[in-house]
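Here's a quick briefing to read with the structure open beside you. Take it topic by topic and find each residue as you go.

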Amino acid sequence: MHDQQIERIHSKLKMLKRTDSDFELFGAKAHEYDLDPVWAPDDITRFEKNWNIVLPEEYREFLLKVGSGGAGPYYGLEKPENGVYGDLDYRTELNEISKEFPYTEEWNPDYDWDGESMTEEEWAELENEYFSPKHSAGLLRISNFGCGVSMNLVVKGQCYGEIWADDRANSGGIYPDHYFGNKERLTFLNWYETWLDQSLEKINT
């Protein structure tokens with residue numbers, strides 16, 4: 001169904017790797033435009049069964065025909081098995097990936113982050129609430145933006161298949177990804193190909 005777009009992605013990735021041979025673009029030194037091996041259908045079935053999810057079709061196609069991690073936006077694509085964690089830097093606590101993502105619009109409550117009027121206990125309670133996994137339920141971490149920000153694929157919930165940013169580390173909340181200047185919400189293959197297009201444009205100017 002997505003064969004033509006997959007072919008374009010293969011072609012553009014090869015072109016980008018050839019053009020940015022010195023890895024000048026942001027994040028390129030981390031992945032060097034290399035991809036992890038593709039998954040077999042059984043790999044996807046096991047992953048989905050283990051986490052009680054169904055991966056969006058575009059992401060499934062990418063895993064089967066392009067790669068299971070490596071070259072990609074920012075510091076590259078995470079392997080699916082790493083994306084189930086709540087934090088891509090530490091990978092210690094699991095995210096609530098099997099539950100539904102609760103939001104359809106940007107979420108960032110107006111908390112009093114200066115903390116001057118709060119006790120230590122109140123501050124800890126507020127922080128625990130803000131960073132609770134319930135807010136990122138149904139998200140698979142697919143890319144590390146840096147500075148504590150992750151890019152995520154909604155795998156359960158009303159926004160199924162969309163790319164959302166989790167910027168709570170910088171008190172920015174959780175919101176649909178707009179970092180490529182897009183006004184529309186992006187699904188996986190369009191998100192990935194937009195990164196390729198913008199990277200090629202940047203390296204050729």
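Is E78 buried or exposed? With a relative accessibility of 11%, E78 counts as buried, because buried means under 20%. Keep in mind that this is a predicted model.

**Salt bridges**

- Side chains of opposite charge can pair when their charged atoms come close.
- You'll find 15 salt bridges in this structure.
- One of them joins R91 to E78, with 2.5 Å from N to O. Both residues sit in the loop between α4 (57-65) and α5, 13 residues apart. R91 is partly exposed, at 33% relative accessible area.
- R8 also pairs up, this time with E193, and their closest N and O atoms are 2.7 Å apart. R8 belongs to helix α1 and E193 to helix α6 (residues 188-203), so this pair ties together parts that are 185 residues apart in sequence.
- R8 counts as partly exposed at 38% relative accessibility, while E193 counts as buried at 7%.
- D166 and R141 form a salt bridge too, at 3.0 Å from N to O. D166 is in strand β3 and R141 in strand β1 (residues 139-146), so the bridge ties together parts 25 residues apart in sequence. D166 and R141 are both buried.
- Salt bridges with shared partners also link R8, K12, E193 and D197 into one network.

**Buried residues and their contacts**

- S150 lies in strand β2 (residues 149-154) and counts as buried, at 8% relative accessibility. Leaving aside neighbours within four places in sequence, its contacts include R141 and D166, the two partners in that 3.0 Å salt bridge.
- R168 sits in the loop between β3 (163-166) and β4 (174-176), and at 5% relative accessibility R168 counts as buried. Again leaving aside neighbours within four places, R168 touches several residues, among them W107, Y130, H135 and R141.

**A charged patch on the surface**

- E120, E121, E122 and E125 gather into a patch of negative charge on the surface.
- E125 is in helix α5 (residues 120-130) and counts as exposed, at 58% relative accessibility.

**Positive phi angles**

- Most residues other than glycine have a negative phi.
- F23 has a positive one, near 55°. Look for F23 in the loop between α1 (3-19) and α2 (28-31), where F23 is partly exposed at 21%.
- S171 has a positive phi as well, near 60°. S171 is in the loop between β3 and β4 and is partly exposed at 33%.

How values were computed
Residues numbered from 1 in each chain as written. Predicted model: local features only at pLDDT ≥ 70, side-chain atom pairs only at ≥ 80, totals over all residues. Heavy atoms only, no water. Patch = residues over 30% accessible without salt bridge, like charges linked within 9 Å, V, L, I, M, F, W, Y side chains within 5 Å. Areas by Shrake-Rupley, 256 points an atom, 1.4 Å probe, with all protein chains shown as cover. Salt bridge = Lys/Arg side-chain N within 4 Å of Asp/Glu carboxyl O. Lys, Arg positive; Asp, Glu negative; His and termini not counted. Charge placed at Lys NZ, Arg CZ, Asp CG, Glu CD. Helix = DSSP H or I, 4+ residues; strand = E, 2+ residues; numbered from the N terminus. Buried < 20%, exposed > 50% of the residue type's maximum accessible area, 1.4 Å probe, protein only. Contact = heavy atoms within 4.5 Å.
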